[in-house]
Amino acid sequence: MDMFNVYEVFIQKDHGSPHVWVGSVDAGSPDDALLLARENFLRRDPAVSIWVVRQEQVHRTDYEDRDFFARETDKTYRMLTGYNKVNAEKWRKYKKNLLDLEKDFVKD
Amino acid sequence: MTHEERLAQFMARIERGEKIESTDWMPDEYRITLVKFMQMHALSEVMGALPEKEWVPKAPTLARKLSLMAKVQDEMGHGQLILRVAEDLAKPLGKSREELVGELLTGVCKFHNVFHMPAPTWADAGIIGWLVDGAAVVSQAALLDSSYGPYARVLQRVCAEEGFHIQHGESICLALAEGTPEQRQMLQEALNRWWESLLLFFGPADTNSASATILMKYRFRTKTNEELRQKFFDKYVPRIWSLGLTIPDPDFRWNEAAQRWHYTQPDWTKLKAIARNEGPLSQYRLGLRRMSYEQTKWVREALLGKAGAGAIA
């Protein structure tokens with residue numbers, strides 16, 4: 001008897017943004033799900049696109065499987081923070097020279 | 001892993017402040033109590049639309065009518081969102097959405113005590129938006145940090161929209177407060193009518209109910225009824241006074257020594273009557289809900305029909 005399906009809802013607020021999951025709705029068809037998603041999640045906010053996906057079609061990781069997200073190794077070599085502090089210190093040494101050069105350049 | 005080990009692990013997660021998700025293992029006690037709480041919250045949102053919807057056809061201007069309709073729609077939307085979250089949690093218990101919704105009409109599921117009260121004037125619509133929704137935001141904002149992730153996430157949207165309701169209610173009350181002597185009096189009378197309900201709203205201070213204890217234990221909620229009531233006073237009493245309104249309790253005052261508001265206790269027996277659906281408008285509003293549920297049955301069936309057709313195709 002229970003024939004409504006759960007659809008997960010993803011909304012894209014503008015073309016520059018990704019679709020973002022906002023919640024889910026119960027609906028009898030994908031078309032109804034899109035309509036209900038608009039009524040539930042877009043009563044105020046503008047948007048350019050909605051995706052609905054049947055809940056059982058979503059493949060997911062297990063929250064308890066922490067190993068899947070393991071971060072034992074140092075990741076700073078992949079990040080901005082791994083470089084900008086040392087770079088800034090080095091640049092400071094060159095800063096005075098740089099300013100002098102600019103001064104000479106203006107003089108010419 | 002034994003049940004005890006799983007439970008210990010679960011409690012450790014709660015104590016670390018981690019969020020529980022619908023697909024995680026959880027003790028039945030957590031699941032059952034949360035389903036009940038969220039079911040009541042969802043259906044209270046739906047029932048909460050009824051006292052105000054009475055004022056949609058009678059709103060004094062088109063602008064007021066539009067904003068009131070938007071608010072009524074929001075409350076229904078909140079009911080939908082919270083029911084959806086409750087539904088995921090209830091599924092392993094073999095309980096469907098249909099049953100969750102139906103239990104309101106059989107009296108198994110209660111709806112919030114504040115929605116059993118009449119709203120006889122336009123000022124009541126204002127007071128509901130300003131102070132009843134104000135009280136709702138105080139209690140819901142305290143749950144934004146709830147241990148149950150899906151509910152905490154839905155509440156972010158609910159609280160944001162309730163913020164709009166409060167502004168809308170404030171707007172009505174401010175207009176009346178700045179209006180004719182008759183309008184001011186209407187506002188004062190509405191406050192007088194709702195004051196006791198606003199105290200009852202948060203429940204008794206010394207509640208030790210089984211479900212409240214369980215909700216605290218699992219950090220689904222962390223604030224007591226009295227803490228929330230005092231918070232509500234902190235925020236709204238100065239505003240009420242600044243409009244020149246009188247709080248209908250001669251003993252109401254700030255107790256400097258205790259650093260808390262002193263108030264005359266409301267008649268708590270009224271809460272018991274309301275819990276049996278014997279409040280002033282309990283049966284009337286349940287009747288409205290029953291009628292609307294029956295009248296829209298064909299819509300649900302038509303939508304189900306489409307689901308069936310989709311399955312065949």
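I take the expected span of a helix as 1.5 Å times one less than its number of residues. The model I am looking at is predicted.

**Helix α6 of chain B**

I checked α6 (residues 149-177) of chain B against that rule. Its 29 residues should span 42 Å, and the end C-alpha atoms lie 41 Å apart, so the two agree.

Next I looked up which residues of α6(B) are buried. Among them are B:Pro150, B:Tyr151, B:Val154, B:Leu155 and B:Val158. B:Glu162, B:His165 and B:His168 are also on the list. An α-helix has 3.6 residues a turn, so residues three or four places apart point the same way.

What covers these buried residues? I found that the cover includes α2 (28-53), α3, α5 (122-141) and α7 (181-201) of chain B.

**Where the chains touch**

I looked up the contact between the chains. Chain B gives 18 residues to it and chain A gives 14. On the chain B side, α3 (62-90) and α12 (297-312) each give two or more residues. By class, that side has five nonpolar, seven polar and six charged residues.

**Strands of chain A**

I followed β1 (residues 5-12) of chain A. It runs antiparallel to β2(A), joined by seven bridges. A:Val6 stands opposite A:Asp26 there. β1(A) also pairs with β3 (residues 49-54) of chain A, again antiparallel, over six bridges. In that pairing A:Tyr7 faces A:Arg54.

**Domains of chain A**

I noted two assigned domains, domain 1 (5-57) and domain 2 (66-107). Their centres, taken over C-alpha atoms, are 42 Å apart.

Conventions
Residues are numbered from 1 along each chain as its sequence is written. Chains are lettered from A and ligands numbered from 1 in the order in which they are written. This is a predicted model: local features need pLDDT of at least 70, side-chain atom pairs count only at pLDDT 80 or more; totals for chains, interfaces and linings use all residues. Domain bounds come from an automatic or database domain assignment. Two residues are in contact if their C-beta atoms, placed from the backbone, lie within 7 Å. Helices (H or I, at least four residues) and strands (E, at least two) are DSSP runs, numbered from the N terminus. Ala, Val, Leu, Ile, Met, Phe, Trp, Tyr, Cys and Pro count as nonpolar, Asp, Glu, Lys and Arg as charged, and the others, Gly among them, as polar. A residue is buried if 20 or more other C-beta atoms lie within 10 Å of its own, exposed if 12 or fewer, and partly exposed in between; C-beta atoms are placed from the backbone. Two strands pair if DSSP finds at least two bridges between them.
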